[in-house]
Amino acid sequence: METGDLAPDFKLDDQEGNERTLSTMLLSGPVVLFFYPAAMTKGCTKESCHFRDLGSEFSTLGGQRLGISMDSVAKQSEFTTKNNLDYPLLADVGGDVAKSYGVKRSLDLLKVKRTTFVIGQDRRVLDVISSEMNMNTHADRALDALRKLKA
């Protein structure tokens, strides 16, 4: 997936077992969809908490945060509760959505490439952020993309 591509629609359960679809969420504004390898791990916790801590900035720009990993609904729920996350975490247990976005790894050890997609209401990808080492760059760059969209 690259900037300008049409983001694949999907239907997955969030940490509370509620069904979420990309197309429905986009009705309320742009979506920042971030793939992370595994809930409850150090790097993924840091990244997810940074998205949490910048929540008011995302709201001001109309951006919706949406985390996604191959963890179960129960694991996403535990991760949400433990870190007071205030946005949906989706359970892509089989990795089908990760595969459609081109971020699923062939080896299941790390599962997905840490990648963030900023998606406009027309389902076009506005930015793709890839960094395995800098956890904060995902939310920071996503905010920059939303600012450009708003300008």
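Strand E1, residues 11–14, and strand E5, residues 89–91, pair in the antiparallel sense, over two bridges. Within that pairing, Asp14 has Leu90 of E5 as its bridge partner. Keep in mind that this is a predicted model.

Now the sheet as a whole. Seven strands form an open sheet, and the pairing is mixed. Reading across, the order is E2-E1-E5-E4-E3-E6-E7. At the edges are strand E2, 19–21, and E7, each of which pairs on one side only. On average, neighbouring strands of the sheet are turned by 30° against each other, with direction ignored.

Next, the helices. Helix H2, residues 42–53, packs on the sheet and touches strand E3 (31–35), strand E4 (64–69) and strand E6 (115–119). The direction of H2 makes about 165° with that of E3. Helix H6, residues 137–150, lies across E3, E6 and E7. H6 runs at about 160° to E7.

That brings me to one residue in E7. Asp127 is found in this strand, which covers residues 125–130. Is Asp127 buried or exposed? Its relative accessibility is 15%, and the cut-off for buried is under 20%, so Asp127 counts as buried.

What does Asp127 touch, leaving aside residues up to four places away in sequence? The list is Thr3, Thr116, Phe117, Val118, Arg141 and Ala145. With Arg141 there is also a polar contact: the side chains of Asp127 and Arg141 are joined at 3.1 Å.

That is the tour, from the E1 and E5 pair to Asp127 in E7.

Technical notes: Residues numbered from 1 in each chain as written. Predicted model: local features only at pLDDT ≥ 70, side-chain atom pairs only at ≥ 80, totals over all residues. Heavy atoms only, no water. Helix = DSSP H or I, 4+ residues; strand = E, 2+ residues; numbered from the N terminus. Buried < 20%, exposed > 50% of the residue type's maximum accessible area, 1.4 Å probe, protein only. Polar contact = N/O pair within 3.5 Å; in protein donor to acceptor, adjacent residues only side chain to side chain. Contact = heavy atoms within 4.5 Å. Pairing = 2+ DSSP bridges. Axes fitted to C-alpha atoms, helices over the stretch in contact; angles between N-to-C directions.
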